[in-house]
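Here's a friendly tour of one protein structure, written for someone meeting it for the first time. Take a look at it, then read on.

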Amino acid sequence: MLATDLASGVAWCERTLGVAPTAGGEHPLMGTHNRIFNISGPVHPRAYLEIIAINSIAATAIPAGARRWFDMDDAALQQQVAQHGPQLIHWVASVPDVAERCAALAALDVERGAVITASRPTPNGLLQWQITVRSDGLRLMDGCLPTLIQWGPVHPCDSLPASGVQLQRLALQHPQAATLLTVCEAIGVADKVAIAAGDAPNLTAQLITPRGPVALSSRTPE
């Protein structure tokens, strides 16, 4: 979930899902920060929801001319979030061998980006991971094609308590559904999502929450 700032993101979470995320931290590389909470369940074990925002008082360490991950520097996306509130914009798939999966994408002429090493401090020590990031910051296929991540020895869910929220279904709708399916199969994540054709791209997460069933959508409200 992309938020204009963390305070509004946390308020949205409490209001919409009935939980208050407290875990999270800073991303010094990107000048962003987050709050996360566990949404693992039988269908999607080791899953969490991230509320992320630009930290207005932090500098970035990315090269000059590069942009933050997840299209966070895109003015149109920023305007949508400012107008409509926190928005589901993307998903990140955990893989055991990110370099190998990037090679599989390259064989399909898909440039997912360089594999960079990132980290953030936590009360339980340094959380480390390798993640695909394009220098232009772009999500691909309107956010439906996942960013790839390979965790170090520690996964965030190892220390996240149950939240009362569980991810039941992640669905992707896209005009190029066949291409999206082929790419997801190549990186070994097609079994994690439901993929269907549609006139407009849309990413939907169906959740069970303390407030009942909730569906989050990447489609901007009319």
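## Ground rules

This is a predicted model, so to speak of local features a pLDDT of at least 70 is needed, side-chain atom pairs count only at pLDDT 80 or more, and totals for chains, interfaces and linings use all residues. Residues are numbered from 1 along each chain as its sequence is written, and side-chain values use heavy atoms, with hydrogens and water left out.

## The recorded domain

An unreviewed UniProt entry places the feature "domain: Glyoxalase-like" at residues 2–180; such annotations may be inferred rather than shown by experiment. The end C-alpha atoms of residues 2–180 are 23 Å apart, and the span is 20% helix and 28% strand. Helices (H or I, at least four residues) and strands (E, at least two) are DSSP runs, numbered from the N terminus.

## The largest pocket

Rolling a probe the size of a water molecule over the atoms shows where empty space is left. On a 1 Å grid over the protein atoms alone, a pocket is an open set of points with protein on both sides within 12 Å along at least five of seven lines, while a cavity is a set where a 1.4 Å probe fits but cannot get out; lining residues have an atom within 4 Å of a point.

The largest pocket holds about 1,100 Å³ of space, a volume being the space filled by probe spheres set on the points. Its lining has 45 residues, and Ala-47, Tyr-48, Trp-91, Val-92 and Ala-93 lie nearest the centre. Elements giving two or more residues include strand 2 (32–38), strand 6 (125–133) and strand 8 (166–174), but strand 3 gives the largest share, with 4 residues. By class, 32 lining residues are nonpolar, 8 polar and 5 charged.

## The cavity

There is 1 cavity of 30 Å³ or more, and the largest cavity has about 60 Å³ of space. Among the residues lining the largest cavity are Trp-69, Phe-70, His-90 and Arg-112. That lining divides into 4 nonpolar, 4 polar and 3 charged residues.

## Aromatic rings

How many aromatic pairs turn up in the whole structure? The search finds 3, where rings of Phe, Tyr and Trp (its six-membered ring) pair if their centres lie within 6.5 Å, and planes under 30 degrees apart count as stacked, over 60 as edge-to-face and the rest as tilted. Trp-69 and Phe-70 form a stacked pair, 5.3 Å centre to centre with 15 degrees between the planes. Elsewhere, ring pairs link Tyr-48, Trp-129 and Trp-151 into a cluster.

Terms used: Nonpolar A, V, L, I, M, F, W, Y, C, P; charged D, E, K, R; others polar.
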